Structure formats: C-alpha cells, structure tokens
Amino acid sequence: MAERGAQGRRATRRTAGTLAAGLLLAAPGVVAHGTAVLAADVTVSGRQILVDGQPFPVRGAAVEAPLAPLAGLGATTVRSYGGDPGPLLDEAQKAGLKVIAGLWVGHPRLGADYGDRAFVERQLAELEAIVAKYKDHPALLMWGVGNEVEVDLADDSPVWPAIEEVARMVRRVDPAHPTLAVLAETGDAKVKKLIAQAPSVQVLGLNSYGDALYSVAGRARAQGWTGPIVVTELGALGQWQAAQAPWGAPFEPSSTQKAIQLRRYLKALDEAEAGAIVFLWGQKQEVTPTWHGLLLPDGTGLEAAEAMAEAWGGQVPGSNHAPRIAYLRVADDPSAPFASWSAGDEGSFTLDAVDPDEDLMEVRWFVMGESTARGVGGDREEEPPFFPEAVRQGGPTGARVSGLKPGRYRIFAEVRDGRGAAATVNMPFEVK
C-alpha cells in the first residue's frame, strides 16, 4: 500500500457523567484501597502490555464523545492526542476504561523547529508538567508521544531525536507507564528509524486504514519491531485510498460497507496480536461529515458499533441493530458511480435500505457542496455549504434533486430506526 501520508488527527474532547454519591467504581487493573483508587502496575513484556501482571487487550477508539456507550461495546481503552488529559482520565475511570494519554509533539510541517533549542526546551517543559500531574491517575495506561510528527517532510531526520527526547523525559518522570510513539503507517523504513533513534519508545503505534490493516503489523515486524504494536487509528477506508469521480471527489463507502470491512480488520489485528483503536468515537468533517465518525452529531450510533461489539464481546444498547444500506443508485443508470446532469435538468436517485429488527425507518435527504478543503494530517476542515432546497422530492426509496447552479455536490441519505441507530450513504454528482 502507498503510505497514508498526512492523515493524522487531533481530536477534541467533551466529558459526560458523574459517579453516584457514595459509589466507587474500579476500572480493570485499578485496585480500590479504602477510599482511594490506586494506579495499576503497567509493564511491557515481549509483545504484550501487562496490567498488574495480566495481559491487557488494547481495544477501543480515539474519542471525543461520552465514553459509557463505548465501554458497553467491550472496549478497554481510549486514546487522546494532546492537551490536558485530566477530564478524559476522570471520565474513563468512571466508565471502567484505560487511557492512552496523548502528548502533542509539534509538527515541523506546521512550524515546529527542532533546531531551535528554546522551542524544544519549552515544549519539553510543558509536556513534563502534564506527565508529572497525571502520572498517578488510576485510568492511565500509557503515554502517546506525538502523532504522525514525521508526515509531509522531505527530510524527517529531525523528528526521531525529538520523539526520543520526549520519550526519555516520560520514562524519567513516570517509569510506571509505557511510552508509545505514533507513526503514519510503516513507510519503507520508518519503524527502523524509530528503533535506531528513539530507543526510549516501548510500544509502537501505527495509524493505518483499509486493506493495509491486513499486513501492517507484519510489515512493522519485518522492519525489526519486537515489542507491542497498537494500531492507534484504523478505519474501513481512507479518502486517500478511495477511487474518485473525474473531478477528484472520492467515493465514500456506506456505513454498511464500512462495518463489513471493520469486522474483517478487527479480526485480522487480533490474530496479529496488535491492539486496535478505531477512529473516531464521535463525528468530524473530513471530506464529508460522515467519512470517519462512528456516531452522528447527536450521538446516534452506526453499524460500526455492532462490529466493535462483536469483536470485543460487548453489546450495543438494547441489542438494537442499525439499518443496513443495500445501495444508493442513479435512477436512470444503476451502474453509474456518480451522477451528472445539465443545469436546468434534475437528477434522480434510488435507495434500498432495510432494518434487521424491522423497525420503522425514517430517511433524511440533504445535499452539500463537494468539499474543496483537503486538510493535511487531519487539520480542521470547514464544512461545505448545505443546499436545503435542492431536494425537491425525498422519500424512503429515493429522491429528486434540481435547482442547483453548475458545480460539484454530494447527495446524502441518513436512515434512522428511531431506537438510537442509523445508516448513512452518499454519492457525488455534478451539475454542468
């Protein structure tokens, strides 16, 4: 697979939930002692991460949404990217989850200058303060040193000593929690460089998507990594991997197609003894508002949650199954991967969706402009404009679209079952 390149992400957080008065919940690997909760003993042994001497399966998601539903799916772990991890650690403790707490290491592509010693010392001091403050938190699993710091560089040589310096500081301040460094895929020699130049890193984190997930752990081992591997971001397909319309719009799989692939990838990673962190327990705009999120903005879950629960021995709320998308097609050309018509004409689309529980489904149709923002490394993207008047006729089996000026757009269908689950699908089109 071609290297994923600039596709890291920096998620934001919000917290939810409080403990009931007088209750103390002990997370896996956390020991209740009187009125205090003591931090677990986290160590690395060969390819395994041990919590209190027992193998700990790292499985969960990068997060920005409330954690209680994620824990119910069988997750053990959540990942952050940077900033103050305190609220996330507290929420994770209440939910019975562990945290890979991210330490944001500046990216040279965004101006971080590792030849500037004043910048380096300032960054180290800021990160050391975080480590010192939270090193005894009972929900802490390990420290995530950076996220794809090496991306989009003609010369990545300054990056590896920078990662090592942060990892070495972490091990000095908090020897009780392992260090993990996150790379964008393995590249031809990235893992070798990390091994040689950042020996204080104990766990390898790799962000990988699509069919590259079948081989990512093996490729890292081939470069010489012998310790634990955690796939710190994974998804069914990255937009950089997808086929495209003639004007460059990538084709997004439906939520059903994503769930099918996710089931396969989680199984493969388990067989490869690699941890799995799915991206993203929440929602964000990246090419579309539905590409990478496991939830809709209001917290409604998609079928991916079922795939996670099946892989991890959990259960979706109420044992409810999400609707399934069979297809979204151009009405007069069912084999067409996109639609095109002249200004003044209209487009027509057909939808086939079913609900395994035979719940009554509600379909919402909407049109957005095709995104022209292609963020690097998961940088924030502006949401394209909506065109609410463009859907002139929308129902459970199709929609008609007209009244748009020449340009590139997408039509979206959002199918809800009224019980907290949904399905999504979209198709690019152009008006000439």
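1. Which backbone oxygen lies 2.5 Å from a polar atom of the side chain of Arg410? That of Pro250. The side chain of Arg410 also makes a polar contact with the side chain of Glu370, at 2.7 Å. A polar contact is a pair of N or O atoms within 3.5 Å; within protein, one must be able to donate a hydrogen and the other to accept it, and residues adjacent in sequence count only if both atoms are side-chain atoms. Arg410 sits in strand 20, residues 407–416. Its relative accessible area is 2%, so Arg410 is buried (buried is under 20% relative accessible area, exposed over 50%, partly exposed in between; 1.4 Å probe, protein chains only).

2. On the basis of the model: it is predicted, local features need pLDDT of at least 70, side-chain atom pairs count only at pLDDT 80 or more, and totals for chains, interfaces and linings use all residues. Residues are numbered from 1 along each chain as its sequence is written, and side-chain values use heavy atoms, with hydrogens and water left out.

3. On confidence: the protein averages a pLDDT of 91, and 90% of the residues score at least 70 (pLDDT is the predictor's confidence in each residue, from 0 to 100). Over residues 1–35 the pLDDT is below 50. That stretch still has 102 contacts in the model beyond near neighbours in sequence (contact means heavy atoms within 4.5 Å).

4. On the sheet: four strands form an open sheet, in the order 14-16-19-18, with antiparallel pairing. Strand 14 (324–330) and strand 18 (391–395) stand at the edges. Each has a single partner strand, so one side of each is left without a neighbour in the sheet. The twist averages 15° from one strand to the next. Strands are DSSP runs (E, at least two residues), as are helices (H or I, at least four), numbered from the N terminus. Two strands pair if DSSP finds at least two bridges between them.

5. Inside that sheet, strand 16 (residues 346–354) and strand 19 (residues 398–402) pair in the antiparallel sense over five bridges. Glu346 has Ser402 of strand 19 as its bridge partner.

6. On aromatics: the structure holds 11 aromatic pairs. Rings of Phe, Tyr and Trp (its six-membered ring) pair if their centres lie within 6.5 Å; planes under 30 degrees apart count as stacked, over 60 as edge-to-face and the rest as tilted. Tyr214 and Tyr265 are edge-to-face, because their ring centres are 5.2 Å apart and their planes stand at 70°. Tyr214 lies in the loop between strand 11 (203–209) and helix 6 (216–222), and Tyr265 in helix 7 (residues 255–271), so the pair ties together parts 51 residues apart in sequence. Tyr214 is partly exposed at 43%; Tyr265 is buried at 1%.

7. Phe366 and Phe386 form a tilted pair, 5.6 Å centre to centre with 40° between the planes. Phe366 is in strand 17 (residues 362–369) and Phe386 in the loop between strand 17 and strand 18, so the pair ties together parts 20 residues apart in sequence. Phe366 is buried at 10%, whereas Phe386 is partly exposed at 37%. One aromatic cluster is formed by Trp341, Phe349, Phe387, Tyr409 and Phe429.

8. Not counting residues up to four places away in sequence, Thr256 touches Glu303, Pro323, Arg324 and Ile325. In helix 2 (residues 86–95), the buried residues include Leu88, Leu89 and Ala92. Gly96 follows helix 2, with a positive phi near 80°.

Technical notes: Axes are lines fitted to C-alpha atoms, for helices over the stretch in contact, and angles run from 0 to 180 degrees between N-to-C directions.
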